[in-house]
Amino acid sequence: MSKRKSQAIHAGMSLKKLRLNAVEGIPDIPDDITHQTPLSSCFSHGATGDIGLIESITLKNFMCHHLLGPCQFGPNVNFIVGANGSGKTAILTALIVGLGGIATVTNRAMSLKDFVKIGESTADITVNLRNRGPDAYKSDIYGDCISVEHRILSDGSRTYKLKSKSGHSISNKKEELMAILDHFNIQLDNPVSILSQEMSKQFLHSKSESDKYKFFMKATLLDQMKRDYIHIKQTKLITAQQVERQEESLKKLKQQFLKKKERYENMSSLGEMKLELENLKKTMAWCLVREKAQFIQQAKENLEKEEKNSKYQDNLQLCKRKVTDVENRLEGLKRRVDSVREEQASRLGDSLKLKQQIKINRKAHREQELVYFRALNKLKQSEQEQKILLEKKAKVSGSTIRGEETKYKKQQEKISRLKGQLAELEKTRTQLNEEIENKQQAVLKGKEEQEKLRLEERNIHMSYTSKLKRKHQLLASRSNKLRRFGDYVPDLLTSIAEAFDKGLFIKKPIGPIGVCIGLKDPSLAVAVESCLRSFIKAFCCDNYKDEKTLQELMSRFCPEDRRPLIIVSSFSDKVYDTGERKAYHPDYPSVLEVITASEPVILNCLIDMRGIESILFIKDKHKARKVIQLEQPPLNCREAFTIEGDQVYPNRYYTSDVSMAKYLSGDLETEIRMLESELENHQALLSRFQLHRASVSEDIQSIERKLNSTIMTQKKILMSVNHTKAKITELENANEEQMDDISSMEEVAQEIRLKIEAEKQIVSEAALELDNRQRIVEDVVSRYQTAREQIDQLSEDMELLKDEQLKLEAEFTKHKQNFKIFETKLRVHEKNIQSLRSDLARREKELQGCVAKAKEIGLEPQEVTRSASAVDTEITQLQTKIKVYESSYGKLGQVVREYAEALKLYRKKTNQVRDLRRFVNQLNDIILDRQNRYKVLRMSLSVRCKLYFTNFLAKMNCYGSMAFDHNNETLTIAVKPPGRDDDGVSDAKSLSGGERSFSTICFMLSLWEITESPFRCLDEFDVFMDMHNRRRSLDLLLELSERQHLRQFIFITPLDTSNVPRTSLITMHQLQDPERVQSEPEEEDLTAFQSCSKSSV
């Protein structure tokens, strides 16, 4: 709580304020500070009676009281009387807390929340203070009374409301309340103003001399003044140390100032050089004007030269005539080519017709030739038959009939014997056929088994080779994981990066996709690879140009049949929004949700090419069948994959043949170990299959050897059968011929003669027709050869014309190109002329601007003889020289500015140090003067307190003394009660309790005489006194209150006050005794505050 002091210590407050200024080094102390007057004379009686008095106080839910008050206090003496628990101390405590005091000052609680009545959330205190007279606080706002409404919440917080007499709320800030208390000189923590019950007990029973001295110092505010003086001394010491540091820094600052001053004085020659530089710049301006004028003259000459140059126009006209001439010649040649082409086409048509006639006639000739040779062959056959018949007839006519009959019988017997042999041979052949068929079936089955074993062995060997290659890739991928996707991938990615650095790609391709993706659940690696398949090794390109470049790079590293896919899709920084077509299931994620990608384009490509947003992962295959096939598939879901990689559609199911992830597996060593185990198994299988296949091959070879032997035997039997059949047939035919030939031989001979004559006639006619056909063919061939010769001649002519046409076209193209070149040159020439004109106009405008600027710089035109380069060289040299000066001393403006700043800072620091030193000296003198005045004031208050104390004791026929030891800070009180021996006074320790309380009351009254406050409160001051001492103490209190009738006194006592005289200055307040027993806990009686009406005796 802030200390509120009277005008007697305002000088101390001024010194307290000055300590802040001393730290900041700002001399702000008045030259003349006068000492205050004694405290008792600083508070006029006419002023204090109208301000700061307590008019009333009201308590609600405060401590143990539901409602207490309002208590109307009188302007002079007030007695609050009541039994213990009736609310006497609560009123005094509420007064302290209601005016902003802290809880510990009251000695009744440690926190404000302890004052709130149990079971209530708030406690309210209302204190009305008088505000009248000329010294009233903001009387135009508050009026004659200031109402302080204080509310305490159950959490320990508090709020204020300051109201005027009319009830209007003026402020709710604590600062305003503190200002009011300072204005009224109300000191809540000063025991002279408010002596609480606990403080009263300590004060009345205290035997310590140092405690009494401290009480005296606190009551007179001398302890606060002492603490202020100590703080001022500490501030003075800090300020003195700061002054010493400032003086040290001032020395360094002075050295810097002298250096800058020396640099400033050395810069005088730099001004002359800068003046010369300005003159050279003026000369440079007119040099530039002269050069501009020379450039303009040169530009005019160039423009005239270009305008007179007609070479481009003449060349263009000449080339145009050549183009026209060649174009006319080319048109004539084209007409000749067309006519030759038409004639050639006509001749070609005739040639084709003749060729067709040749084919037809040659065909007719060949047919006639065939007829001729056929007739000739028939004639020869007839003549041969006639010759054979004649020979046979001669042979038959020479034999006898008897010999033939004997031969016939022998032949019949031989035929019968051969038929018996034939039946045996047929039976053997049938058995051999069955045996051959059985052995062929056995061979076929063996070959089928052998082929099956071969296929299985080949599959196992291919799997072994694939796994061996995979193992090598994994071993290589220990150092480079990219080799998992192929041995060529690292080199391919390196070449892609180099090509991108060279600018061959618009955007760098991304891939392989398997490298760029990760799995949130590693156990789904097999399922993801089964889903993505070949897309794992695919690359992504932004455009088709990049795709073509990537194809070229791949052709260098990848085999033709194993090139990765290339997906072309525009690169984007965001993943597609798949909310409308995404498959959703609360228990199973989609592929899009399972994989992560380093680039959004990877996910976008997989969405476009594979539709990963509509594919679910269901680890268990039975659940997958149930969700996809047995039930209605989830919305937008078209397929699903199990953890084994099985693919599930609504109407079909595909089992995966992959058991281990090839690209997305994280455990490389485990995969290598599994591959090694599988390779060992494959090797064992290959060995077993090879042994089995060798055994089957041996069995097949054995059966084939037996089959071949059987077939050879069958062939021999078949040859015997055929030979036997041939003999039987020959014997039978021979018998028949012998019987028939003799009778019919004459008839056949006659028929053959007639047939030979007819065939000779046919051969003669066919020979004539063949000659005719031969002549026709020769005629057509002759005509066709003539037509071909003409066509060949026309082709030669066409080739010559085409050669000539090509030459003319080349010449035409050349002249056409030359025409365009000359045309372009003419346009360039015209643009050059236009550019020269524009440049001339611009240069003339620049010349005018340069002249204007030069006139601004150099005023009048100057005749310059030096070139701009020479002047520029001189300017450069001079600028270099100036830079050397400026590098040594700095720029002139900067040096002047730094010198001025240094001078200003040096003067400022000098004045500050001087003022601080003066302030420290003044502060030292003031402290000494204040200390002397403090001692004088302390002595004065001590003497006055002694006099008042002796005077109060004397009024009660007692004798006493007070001894102040300011060095040891003790106060000794000696009292001689009436009726004691005259052997001397006794100290307070030898007195009875009542006598000691009475002497303490006298000490309190002495302090009241030398201090000022609008009201004074004593709580239970008389509880330890006997009736005699209590009566004497009351008399002294009433006497003092009557003498200080404009002061307000509040006395709290639990004892009887019937012997207190009733006057107009005394107001009695009797509090109702508390009810110790309550009939019902729910109903709480309010403690009524009873105020006795004012009575005067």
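Rings of Phe, Tyr and Trp count as an aromatic pair if their centres lie within 6.5 Å. In this predicted model, Phe79, Trp1008, Phe1049 and Phe1051 form one aromatic cluster. The structure holds ten aromatic pairs.

The rings of phenylalanine 216 and phenylalanine 964 have centres 4.8 Å apart and planes at 55°, so this pair is classed as tilted. The pair joins distant parts of the chain, with phenylalanine 216 in helix α7 (residues 209–219) and phenylalanine 964 in strand β17 (residues 959–965), 748 residues apart. Both of these phenylalanines are buried. A further aromatic pair, tyrosine 229 with tyrosine 934, is edge-to-face, at 5.6 Å centre to centre and 85° between the planes. Here too distant parts of the chain are linked: tyrosine 229 belongs to helix α8 (residues 222–265) and tyrosine 934 to helix α21, 705 residues apart. Tyrosine 229 and tyrosine 934 are both buried.

The largest nonpolar core has 53 residues, and those with the most contacts inside this core are Phe79, Phe216, Phe1003, Leu1007, Trp1008 and Phe1051. Helix α21 (residues 892–955) gives the most to the core, with ten residues. Apart from its neighbours within four places in sequence, tryptophan 1008 is in contact with Val192, Arg1016, Leu1018, Leu1037, Leu1040, Gln1044, Phe1049 and Phe1051. A second, separate core comprises 49 residues, including Ile566, Val601, Cys605 and Ile607.

Arginine side chains also lie over aromatic rings. Arginine 625 is placed over the face of tyrosine 653, at 3.8 Å from the ring centre, and arginine 652 over the face of tyrosine 649, at 3.9 Å from the ring centre.

Key. Residues are numbered from 1 along each chain as its sequence is written. This is a predicted model: local features need pLDDT of at least 70, side-chain atom pairs count only at pLDDT 80 or more; totals for chains, interfaces and linings use all residues. Side-chain values use heavy atoms; hydrogens and water are left out. A nonpolar core is a set of buried Ala, Val, Leu, Ile, Met, Phe, Trp, Tyr and Cys residues joined through side-chain atoms within 4.5 Å. Buried means under 20% relative accessible area, exposed over 50%, partly exposed in between (1.4 Å probe, protein chains only). Helices (H or I, at least four residues) and strands (E, at least two) are DSSP runs, numbered from the N terminus. Contact means heavy atoms within 4.5 Å. Rings of Phe, Tyr and Trp (its six-membered ring) pair if their centres lie within 6.5 Å; planes under 30 degrees apart count as stacked, over 60 as edge-to-face and the rest as tilted. A charge sits over a ring if NZ of Lys or CZ of Arg is within 6 Å of the ring centre and within 35 degrees of the ring normal.
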